[in-house]
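Notebook open, structure on screen. I'm jotting down what I look up as I go.

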Amino acid sequence: MSLQRLALSKVKGILPGNPACMGCPHNMGLRVVGSVLGEKAVLVVPAGCTSIIAGNWPKAGIDMPLLHVPFASAAAVASGLKASHDILGVDSITIVWSGDGGAADIGFATLSGAAVRNEDILVIVSDNEAYMNTGVQASGTTMWKARTTTSPIIGKTEERKDIALLMLMHKVPYVATASVGYPTDFAAKLEKAAKIRGFKLIHLHSPCPPGWRFDSEKTVHIAKLAIETGAWILWEYGEGKLTISPPSKPYTDKARRKPIAEYLKLQGRFAHITEEDVKTIEENIEANWRLIRELEKIYSGES
Amino acid sequence: MIRKVITGNVAVAEAVRVSGVQVVSAYPITPQTVIVERIAEMVERGELKAKYIRVESEHSALAAVYGAAAGGARAFTATSSHGLLYMYEMLWWIAYSRLPIVMAVVTRAIGPPWNIHSDHHDALTVRDSGWIIGFASSVQEVFDMTLQAFKIGEDPRVTLPVMVALEGFTLSHTAEPVDMPEEELVREWLPPREPLPFKIEPGKPFSVGNLGPDEVSMELRWLMWKAMERSRLVIRDVDLEYAKGFGLRSYGGLGEDFHAKNSDYIVVTMGAWSGDAKEAVEKLRDEGYNVGLLRVRFFRPFPWEELREISQSAKAFLAVDRAVSMGHRGILGLEVSSALEGKAPVKNVIAGIGGVDVGPEDFYSIIKAFIEEYEYGSIEGWSRPEWYMPWMEVGGK
């Protein structure tokens, strides 16, 4: 789907003047979701930044039907909501729009349960790599070494978990990663996911200006750097095949990637890290690439 | 009318079947398990046209029925003890969302130590959340109350979730003959749910549960409080209408009066052991004691009007509790005292905690001691609850 077509949609996803921060990646992601799936979408939103972005009653920040739900409950609420639509003959696309906490941490058991049941829902994890709404505390997806308000001096001491790969191992029909810096890639993945019956998950990379400490006009720039340095890999699993998506494809070759320092140095959360730390992060990124490349081969039957 | 000998758990499942529930989600826990097993079987056999969602926890069970009800379906779940505590966040969320879900709670002690037998601590943790809370005392009443719960909760004057508490094992696993109206007649009496126009559906861009001004939160709680007050009338109406429509018994609304009106001494109980207490009351009446019993059928809304009315001719009350609020009194005792506002003295006995068996002979001695204490004027000890533990040398007050 082209950017022009996205712009023509009747449903905008987000409404002007909503309370999101400047440069908010959730707003960018919601705009794409609204443009591509807005006509049939119903959103289930657990506690997080989007609880605020949805607006203060009687105003609204999002022009899609939206049910606010407790933090750890979203995938289960969506399961019940979709069941009611099936029984009452309502044609809907039930979407969980969650942050990293609601999906990967406090809501992980709920998410896993819904995946095991192969519920006909689409889960979008807009991952800004920390609990931003409560003031930038470390989460299960926060990068190693990143400073947060609960890892304020030495940075996070553990590696992040990979929610997309975890869900792939649940043997669900569709899993993909996406980035707010690549709206057409995200839109294509939403379109594909919406056509599949069963459990779908899209892990959306969402750089957060206040949380990562970069200037609010740089969200797209940072998101693109994550791809260009290989720090974030766009891939898609569907119909039994795993493929590296076109924007990430060139960076399969390590030599074509930009140095990871270019990505890290723009973010205040990494201001304290050493050259050695940068090297370790680079090695971890390469290890992740090896894993994804191997998975691509395994799922295609090449090895 | 169909008569079957069934257990309390099966009675719940049968009521769910004839009620035309559309979505069921539950997580198994002893002693609730038979309810969910039976319903799963009904769904697989096609006897109940519902979707059964096998969730991974009680929190998700209540979350799933919340989603189903938000989409307009009639939804049901069941749990016990730790499962209910694990649901706690969702309990309040559902009540505050004003969604008329029905939940059976098979009462069971809270651990540690692990204990699968009944007391009332689990069910009473729901007290302040905005759920209507009923306590059944027989398998027949389990069936009747579950069915009535849908009618009460979905009534547009109410729109609140309803919990039906039934004693673990004493009711859940005990078989009694139960009269059940024909399914077609029930469907006429309880047509499909008609949700308010705030269903979450595509193309209707509004949101439910947004942030708002603080005043709105308070207004919503006030409206909820009013709905809970209105539910008193609805509970009474539904009880009468059900009895008349199906030729079954009327229980009397929020409370069941067993020789209570015009008696000097009033015993207040709740749940399955009320049958044992009635037996003791009967025996004492035969011996010439002017004693009656009020069984609390609905703990929320609480039958304070019924208690007040009875108190006009009563000398003293005895509340026998199966749950205690640490640092104060028995929970039912507290409620009875507050409802009577000092119009009559109240003795509070705490018994049967953790499923300790309390039979008619125990009630006989508890009630007799209460009457004697009053008649000898030795009620000063009533300022504190009495723990009834006859197997212990030390105990009492």
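This is a predicted model: local features need pLDDT of at least 70, side-chain atom pairs count only at pLDDT 80 or more; totals for chains, interfaces and linings use all residues.

**Entry 1: two helices in chain B.** I started with α10(B) and α13(B), which are oblique to each other (angles under 35 degrees count as roughly parallel, over 145 as roughly antiparallel, 65 to 115 as roughly perpendicular and the rest as oblique). I looked up the numbers: helix α10 (residues 274–286) of chain B and helix α13 (residues 360–375) of chain B pack at an angle of about 55°, and their axes are 8 Å apart. Axes here are lines fitted to C-alpha atoms, for helices over the stretch in contact, and angles run from 0 to 180 degrees between N-to-C directions. Helices (H or I, at least four residues) and strands (E, at least two) are DSSP runs, numbered from the N terminus.

Who touches whom? From α10(B) I listed Asp276(B), Ala277(B), Glu279(B), Ala280(B), Val281(B), Lys283(B) and Leu284(B), and from α13(B) Pro360(B), Phe363(B), Tyr364(B), Ile367(B) and Lys368(B). Contact means that the C-beta atoms of two residues, placed from the backbone, lie within 7 Å. By class, the contact of α10(B) with α13(B) has 8 nonpolar, no polar and 4 charged residues. For the classes, Ala, Val, Leu, Ile, Met, Phe, Trp, Tyr, Cys and Pro count as nonpolar, Asp, Glu, Lys and Arg as charged, and the others, Gly among them, as polar.

**Entry 2: what I'm looking at.** Residues are numbered from 1 along each chain as its sequence is written, and chains are lettered from A and ligands numbered from 1 in the order in which they are written.

**Entry 3: another helix pair.** Helix α7 (residues 139–154) of chain B packs on helix α9 (residues 214–246) of chain B at about 130°, with the axes 10 Å apart. That makes α7(B) oblique to α9(B). Here too I found a right-handed crossing, as α7(B) passes α9(B). Asp144(B), Gln148(B), Lys151(B) and Ile152(B) of α7(B) meet residues of α9(B) including Val234(B), Ile235(B) and Tyr242(B).

**Entry 4: a sheet in chain B.** In what order do the strands of the open sheet of 7 strands lie? I read off β3-β2-β4-β5-β7-β6-β13 (chain B), with mixed pairing (two strands pair if DSSP finds at least two bridges between them). β3 (51–54) and β13 (298–300) of chain B stand at the edges with a single partner strand each, so one side of each has no neighbour in the sheet. The twist averages 20° from one strand to the next. Helix α2 (residues 33–45) of chain B packs on this sheet, touching β2, β3, β4 and β5 (102–107) of chain B. Helix α3 (residues 58–70) of chain B packs on the sheet as well, touching β2, β3 and β4 of chain B.

**Entry 5: where the chains meet.** I found 38 residues of chain B in contact with 42 residues of chain A. Which helix gives the most to the side of chain B that touches chain A? α3(B) does, with 9 residues. The residues of that side divide into 19 nonpolar, 13 polar and 6 charged.

A sheet spans both chains: 9 strands form an open sheet in the order β8(A)-β7(A)-β5(A)-β6(A)-β4(A)-β3(A)-β1(A)-β2(A)-β9(B). Strand β2 (residues 66–69) of chain A runs parallel to β9(B), joined by 2 bridges. In β9(B), Ser207(B) is the bridge partner of Leu66(A).

**Entry 6: one residue in chain A.** Is Asp100(A) buried or exposed? Asp100(A) is buried, because 26 other C-beta atoms lie within 10 Å (20 or more means buried, 12 or fewer exposed, and in between partly exposed, with C-beta atoms placed from the backbone). Asp100(A) sits in helix α5 (residues 100–105) of chain A. I also checked Ser126(A): Asp100(A) is 26 residues away from it in sequence, yet 6.6 Å in space, C-alpha to C-alpha.

Conventions: A crossing is left-handed if the near helix is turned anticlockwise from the far one by less than a right angle, and right-handed if clockwise.
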